[in-house]
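Open the model in your viewer and keep the sequence panel beside it. The stops below say what to select next and what is there.

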Amino acid sequence: MSSHVTIPETSLWANRKCLLLCCLVSTANMQYGFDSAAVGALQAMPGFLKVFGYEDPTSPLGYGIDSTFQRLITSLLTLGSFLSSLIAGSFSAYLGRRQALWLACILNAAAVAIQIATTNKGVLYLGRFLLGLANGFFVTFSNVYTAEAAPAHLRGVMVALFAYWVNIGSILGATVDNFTRVHMSKASYQIPLGCLYIVPTILAIGLFFVPESPRWLLHKGRDSQARASLNKLRGTSVESQYIELEWAEMVRGVEEEKKLEKSIGFLDMFRGSDLRRTLLCYGMIGCQTASGIWFLIGYQTYFLALAGITKSFEFSVMNTVIGFIGVNVGMVCIRHVFGRRSILMIGATACGLCQLASAVAYTVNSGSTTTGKILVAFTAIFYFFYNGCVGAASYPVATELVSSRLRAWTVGTATSLGYILAWLVGFCSPYFINPEDLNWGPKYGYIWAASNAICVVFFFFFMPEMKGRSLEELDEIFQAKTPTWKFTQFQCTIRDEAAFDMAERTGVRIGKEGEVSEQVEDRNGGRDGSV
């Protein structure tokens, strides 16, 4: 249950200004989706293999690719992302969310130029690493910003834009590759890489019209700028007195957090109630990798080709489109149907069953056409449920789990953990699926089925329900050391206290049901009554 004093839950249309601004910032996530889909497909593209691979008459593609090179071009991106996400907390101590995204745009431009121009593997590695540095800032700071800017009741939908844009990027990446793969020249991979300039250019311009995060400004003592930013984000979505109440709640929340602050953010993440929040955030991001999604993102085209599916490019595009449909369904479910815990458990269960079905089918009959169809079908179902459940809910949950003063630190290091886990998957997967190594192929799904089962257990016993709570309310609940199963029943007081502060300062009182009254001064100079 929520605080006694309530702020009206307005529609997405009423909050269209905030939605548009958050949508613009979230486009940063398109970079990661586009690059992951594009580079994963490049590994099965003769034009790319002609430059960076070797001729192999025994391969259906006519060319082979060294497994070390294959691992490095995928894993160096995630390694760079790991490092930049790791330092996000330090960066945010001095500069805001917008400055971080601008820096990412600059790094992206340099990285793409290097990758387009070179034919040297070592230089290509450098370009991949720099692009990873840019992507780490793109993902971390775009999601932190949307979590801090969105109204409490719409935070799940607005932060879920992460999955929305990642999938759009994946669709575009796979589509561009599908049209350029017929070229045998360097243009076959240079065109997809050149497309990585588009989003950062739009984002860099659009950020001039985006206000800085009001919570970041408030933590830095820039109160007047923070209030102006909040006013711009809320616009006319609610009446002014409710914006005043939200502001009062934010101010009180920052005051309470400063009382708990003991040292630099990195150490505070592992103290008191913040330790629990940090571990939950890490667990949530780790569950993304545990689903097996990074294996499919990085290797699905190569994987389908090995399974004898001749139209692997087309099926890759189909899977990303199905994933995009899943995201849209998931966003509706997050807003209107399920809580955070329920949608995460549904997603992990479905993903695990899809991985298990694929592995069993390949074990029973590895070479049949029927098995190939089963692989395609369950991969598509996996994409739908991952993107609609785990993918859509992961960053809304991860960003709201942690305290405002530590959000960049905790989400940044959690994202870096996710990247290092993705790096490990990218580095190890070729050993499992390549014919010259273990040659497991789709039987690799047994491992991911087991890891999804562990995720279901984690969500059930440890993940609290946070839907509809303001970030300041969540601070209060965690500080009270509330057990997981009692989160929904906890009665918060911070909004009531904020309403009292607002009444003392402005004379406007908001009642428990949201009714507004204005106090008038009596003859002795006090405040009495209402009008």
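A crossing of two helices is left-handed if the near helix is turned anticlockwise from the far one by less than a right angle, and right-handed if clockwise. Helices here (H or I, at least four residues) are DSSP runs, as are strands (E, at least two), and both are numbered from the N terminus.

The model is predicted, so local features need pLDDT of at least 70 and side-chain atom pairs count only at pLDDT 80 or more, while totals for chains, interfaces and linings use all residues. Residues are numbered from 1 along each chain as its sequence is written, and side-chain values use heavy atoms, with hydrogens and water left out.

**Stop 1: α19 and α22**

Select residues 340–364, helix α19, together with residues 445–462, helix α22. Their axes come within 8 Å and cross at roughly 165°. That makes α19 roughly antiparallel to α22. Axes are lines fitted to C-alpha atoms, for helices over the stretch in contact, and angles run from 0 to 180 degrees between N-to-C directions. Angles under 35 degrees count as roughly parallel, over 145 as roughly antiparallel, 65 to 115 as roughly perpendicular and the rest as oblique. View the pair along the line joining the two axes: α19 and α22 make a left-handed crossing.

**Stop 2**

Next select residues 67–86, which form helix α4. This helix has 20 residues and reaches 28 Å from first C-alpha to last, close to the 28 Å expected at 1.5 Å a residue. The expected span is 1.5 Å times one less than the number of residues in the helix. At Ser-75, α4 bends by about 30°; the bend is the angle between axes fitted to the seven residues ending at a residue and the seven starting there. Of the 20 residues in α4, 15 are buried. Buried means under 20% relative accessible area, exposed over 50%, and partly exposed in between (1.4 Å probe, protein chains only).

α7 is mostly covered, with 24 of its 29 residues buried. What caps the N-terminal end of α7? Show the side chain of Asn-120: one of its oxygens lies 2.8 Å from the backbone nitrogen of Gly-122.

With both helices on screen, the axes of α4 and α7 come within 6 Å and cross at roughly 40°. That makes α4 oblique to α7. The crossing of these two helices is right-handed.

**Stop 3: α9 and α10**

Move on to residues 161–180 (helix α9) and residues 187–194 (helix α10). The two axes come within 9 Å and cross at roughly 155°, so α9 and α10 are roughly antiparallel to each other. α9 passes α10 in a right-handed crossing. α9 itself has 20 residues and reaches 28 Å between its end C-alpha atoms, close to the expected 28 Å. Of those 20 residues, 15 are buried, so α9 is largely enclosed by the rest of the structure.

**Stop 4**

Select Phe-378 in helix α20, residues 369–401. Phe-378 is partly exposed, with a relative accessible area of 28%.

Go on to Arg-405, in the loop between α20 and α21 (407–433). Is Arg-405 buried or exposed? At 16% relative accessibility, Arg-405 counts as buried. Its side chain is joined to that of Asp-274 by a polar contact of 3.2 Å. A polar contact is a pair of N or O atoms within 3.5 Å; within protein, one must be able to donate a hydrogen and the other to accept it, and residues adjacent in sequence count only if both atoms are side-chain atoms. Arg-405 also lies 9.9 Å from Met-269, C-alpha to C-alpha, although 136 residues separate them in sequence.

**Stop 5: the loop between α23 and α24**

Finish with the loop between α23 (471–479) and α24 (494–506), where Lys-481 sits. Lys-481 has a positive phi of about 55° although it is not a glycine. With 66% relative accessibility, Lys-481 counts as exposed.

Thr-488 is in the loop between α23 and α24 too, and at 35% relative accessibility it counts as partly exposed. The side chains of Thr-488 and Gln-489 make a polar contact of 2.9 Å. Select Glu-465 as well: its C-alpha is 6.5 Å from that of Thr-488, with the two residues 23 apart along the chain.
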